[in-house]
Amino acid sequence: LHKAIRRQRQMCIRDSNKYRPGTITAIKYFCRFMYREGIQSDDFQSFFKMFGRMPRKEKILSFYMPEEVYLIESAINRNTEIGKRDYAMILLASRLGLRSSDIRGLLFSDIDWDNNTINLVQHKTQRHLSLPLLKDVGEALVDYIQNSRPHCRHKRVFLTHDFPYDGITTEMLHRIVSSYIQKAGISNGHRHHGPHALRHSLATNLLNNCLLYTSPSPRDGATS
């Protein structure tokens, strides 16, 4: 078993694209289970300590440039009922940076039309969030609600267009965003292609703009 574990670790390191770091952890817990059940006399926990932590690849957030985000938004046919819904959902991710769960779970009570704000409790963090309702986002929401959304008493803003009308699922929203990225002719390469990628794109592009405007110029005494 010792030799088998060593071979498995070597394979994990050599073929990092094929094997996940959790493989060694799984074997460790399996050995612990075998020991507790009396199937083997050693749990090998001291043996596993010599391996330390498995090396992990650096995680790089996926994002799209502003020009690409514009192409994605422009790829939506806003003359159709489904297009009006999809456009409003995508703007909430690309312009306001809302998470997928908060877009799908958006309620009518979360929208303060009088003060042009969106106020909600984030699904992931359970923290209150208040965002300005930008003009283009507000217009997209109004267009969808008045001219596209199925007539029903569902509390959620975004619904399917097939009866029985229900909320949008995680997989559905991911598929919607992915389809428009493909329709826009954008090669995602190794980038993610769901709503979270649009959220990350907004944050990244805003940060880049801040760095651009705050970079010192030669007249400020900066040297190259």
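This is a predicted model: local features need pLDDT of at least 70, side-chain atom pairs count only at pLDDT 80 or more; totals for chains, interfaces and linings use all residues.
Me: Why are α5 and α7 called roughly antiparallel?
Reply: Helix α5 (residues 81-94) and helix α7 (residues 135-147) pack at about 150 degrees, with axes 9 Å apart. Axes here are lines fitted to C-alpha atoms, for helices over the stretch in contact, and angles run from 0 to 180 degrees between N-to-C directions. The cut-offs are under 35 degrees for roughly parallel, over 145 for roughly antiparallel, 65 to 115 for roughly perpendicular, and oblique for the rest. The pair therefore counts as roughly antiparallel.

Me: Which residues make that contact, and how do you know what class they are?
Reply: Contact means heavy atoms within 4.5 Å. From α5 come Glu 81, Lys 84, Arg 85, Tyr 87, Ala 88, Leu 91 and Leu 92, and they meet Asp 136, Val 137, Ala 140, Leu 141, Asp 143, Tyr 144 and Asn 147 in α7. By class that's eight nonpolar, one polar and five charged residues. Ala, Val, Leu, Ile, Met, Phe, Trp, Tyr, Cys and Pro count as nonpolar, Asp, Glu, Lys and Arg as charged, and the others, Gly among them, as polar.

Me: And what is the arrangement of α5 and α8 called, and why?
Reply: The axes of α5 and helix α8 (residues 170-183) come within 11 Å and cross at roughly 95 degrees. That makes α5 roughly perpendicular to α8. The residues touching are Gly 83, Arg 85, Asp 86, Met 89 and Ile 90 of α5, with Leu 173, Ile 176, Val 177 and Tyr 180 of α8.

Me: How do you know that β2 and β3 pair?
Reply: Two strands pair if DSSP finds at least two bridges between them; β2 and strand β3 (residues 128-132) have five, and run antiparallel. Thr 117 has Pro 132 as its bridge partner in β3, and Val 121 has His 128.

Me: What about β1 and β2?
Reply: Strand β1 (residues 111-112) and strand β2 (residues 117-121) pair antiparallel over two bridges. Asp 112 stands opposite Thr 117 in β2.

Methods. Residues are numbered from 1 along each chain as its sequence is written. Side-chain values use heavy atoms; hydrogens and water are left out. Helices (H or I, at least four residues) and strands (E, at least two) are DSSP runs, numbered from the N terminus.
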